[in-house]
Amino acid sequence: FDVVSQTNTIIHLVDKLFTDSLVPLVVSTPKHANCLNSKKHELEKIEAKLDQGLDRSLAAANGWIKTILASEQKKTDFNPVDSDSMASSSTTACIKAVRWVGVTAEKIRECLDGRNVEWVLQELGIRLHR
């Protein structure tokens, strides 16, 4: 998720450079539209690669939770002898999974901004729910 944050910073700097340095040179020439289209096309390519990276990161997060649950969870975790004991204690698998999801969610909040945070967290929740 750090890559998204760093890429966002770089894109803002490139956009400022483009606006401040290149646009004044080509604004009154026929190449102006060409430059704008090239910039738009390149940004779309970067966005598609970031989207693919986020998708793979979410798939990895989902896979890790499945691995934690498969290796740590026991069949007896769901058959408590006493119903009060289930409410007062958490299983090792539950603690590890919840802790890991919490760390991942915090990292997402740290590295993304605006609606992207909401979208990625929602997508993570949907994938974990499946």
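Helices are DSSP runs of H or I with at least four residues, numbered from the N terminus, as are strands (E, at least two). The model is predicted, so local features need pLDDT of at least 70 and side-chain atom pairs count only at pLDDT 80 or more, while totals for chains, interfaces and linings use all residues. Residues are numbered from 1 along each chain as its sequence is written, and side-chain values use heavy atoms, without hydrogens and water.

Consider helix α2, in which L43 lies.

Helix α2 packs with α5 at an angle of about 40 degrees, and their axes are 10 Å apart. This angle makes α2 oblique to α5, a class for angles that are not under 35 degrees (roughly parallel), over 145 (roughly antiparallel) or 65 to 115 (roughly perpendicular).

The largest pocket holds about 410 Å³ of space. A pocket is an open set of points on a 1 Å grid where a 1.4 Å probe fits, with protein on both sides within 12 Å along at least five of seven lines, and lining residues have an atom within 4 Å of a point. Of the 16 lining residues, V4, E47, L50, L54 and N116 are the closest to the centre. Two or more residues come from each of α1 (2–26), α2 (31–72) and α5 (115–129), and α2 gives the most, with 6.

Note on methods:
Points joined across faces, edges and corners; volume = space filled by probe spheres on them. Axes fitted to C-alpha atoms, helices over the stretch in contact; angles between N-to-C directions.
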